[in-house]
Amino acid sequence: KKMGITVLPPDINKSGNDFTVDRIERDGQPHSVIRFGLAAVKGVGAKAVTAITTARAQGDFEDIYDFCERVELSACNRAAIEALINCGTFDSTGAMRKALNKILDGAIDFGTRAQQDKKTGQMGLFGESADANQPHPPLPSDEWTEAEMLAKEKAALGFYVTRHPLANSSALIEACATSSTVDLSAMGE
């Protein structure tokens, strides 16, 4: 951060296996940023990443239901999807993390039924799955507190990406601090 390099959390529609350089627009100007890779999320293995990127080749995921319908759920299990939600991978879909966790089991059931329909040939008149015409239930609009959200993000990634819990207090910490960790070696015991 001090070097001016922005690290973005993983994104279900943009992240690859590894960390990548991405371009975003900030203040009307293009900027290079580093985007977290899906394989860096704890509990998301190579099979899950391959299943996600293979399904995403058909187009971006609209929401969690679309994700669960298109991604092979035997390769990307509930624990992996939960970790992806908790670290903010689905934030670009507009859904809130707590809401996604609340409906996760229903979305997985929806996806499982849709995948089974495709395997057994239970298709609609135009080749879509039988559940494709069913409207997805609306997502709840509640979200975790910032502390809860950051704790879950840290558990899934190993550190904070969205923001640090002490960011709101950084000015106060700087004003009250008498030294930094860099100065510790010179201070002795």
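Three strands make up an open sheet of mixed pairing, ordered β1-β3-β2. The model described here is predicted. The edge strands of the sheet are β1 (7–8) and β2 (20–26), and each pairs on one side only. Strand β1 runs parallel to β3 (residues 29–35), and two bridges join them. Val 7 has Ile 34 of β3 as its bridge partner.

Aromatic contacts were examined next. A pair of aromatic rings is described by the distance of the centres and the angle of the planes. Five aromatic pairs are found in a search of the whole structure. In one of them, the ring centres of Phe 19 and Phe 36 lie 4.6 Å apart; the planes meet at 50 degrees, so the pair is tilted. This pair links distant parts of the chain. Phe 19 belongs to the loop between β1 and β2, whereas Phe 36 belongs to the loop between β3 and α1, 17 residues apart. Phe 19 has a relative accessible area of 44% and is partly exposed. Phe 36 has a relative accessibility of 1%, so this residue counts as buried.

Phe 36 also forms an aromatic pair with Phe 159. The centre-to-centre distance is 5.6 Å, the planes are 50 degrees apart, and the pair is tilted. Here too, distant parts of the chain are linked: Phe 159 lies in the loop between α5 and α6 (170–176), 123 residues from Phe 36. Phe 159 is partly exposed, at 40% relative accessibility.

Two lysines place a charge over a ring. The charged end of Lys 152 sits over the ring of Trp 144, at 4.8 Å from the ring centre. The charged end of Lys 154 sits over the ring of Tyr 160, 5.8 Å from the centre of that ring.

The nonpolar core was then traced. In soluble globular proteins, nonpolar side chains tend to be buried together. The largest nonpolar core in this model holds 35 residues. Those that touch the most other members are Ile 52, Ile 64, Phe 67, Cys 76, Ile 81 and Leu 84. Helices α1, α2, α3, α4 and α5 each give two or more residues to this core. The largest share, six residues, comes from α4. Beyond its neighbours within four places in sequence, Ile 52 is in contact with Ile 12, Leu 38, Phe 61, Phe 67, Val 71, Cys 76 and Leu 84.

Helix α3 spans residues 78–86. Its buried residues are Ala 80, Ile 81, Ala 83, Leu 84, Ile 85 and Asn 86. An α-helix has 3.6 residues a turn, so residues three or four places apart point the same way. The buried residues of α3 pack against α1 (46–56), α2 (64–70), α4 (97–120) and α5 (146–157). At the start of α3, a side-chain oxygen of Asn 77 comes to within 3.2 Å of the backbone nitrogen of Ala 79. Just after α3, Gly 88 adopts a positive phi of about 95 degrees.

Helix α4 also contains Gln 115. This residue has a relative accessible area of 11% and is therefore buried, given a cut-off of under 20%. Apart from neighbours within four places in sequence, Gln 115 is in contact with Cys 68, Glu 69, Arg 70, Val 71, Glu 72 and Leu 73.

Terms used. Residues numbered from 1 in each chain as written. Predicted model: local features only at pLDDT ≥ 70, side-chain atom pairs only at ≥ 80, totals over all residues. Heavy atoms only, no water. Buried < 20%, exposed > 50% of the residue type's maximum accessible area, 1.4 Å probe, protein only. Helix = DSSP H or I, 4+ residues; strand = E, 2+ residues; numbered from the N terminus. Contact = heavy atoms within 4.5 Å. Polar contact = N/O pair within 3.5 Å; in protein donor to acceptor, adjacent residues only side chain to side chain. Pairing = 2+ DSSP bridges. Phe/Tyr/Trp six-rings, centres within 6.5 Å; stacked < 30°, edge-to-face > 60°. Lys NZ or Arg CZ within 6 Å of the ring centre and 35° of its normal. Core = buried A, V, L, I, M, F, W, Y, C linked by side-chain atoms within 4.5 Å.
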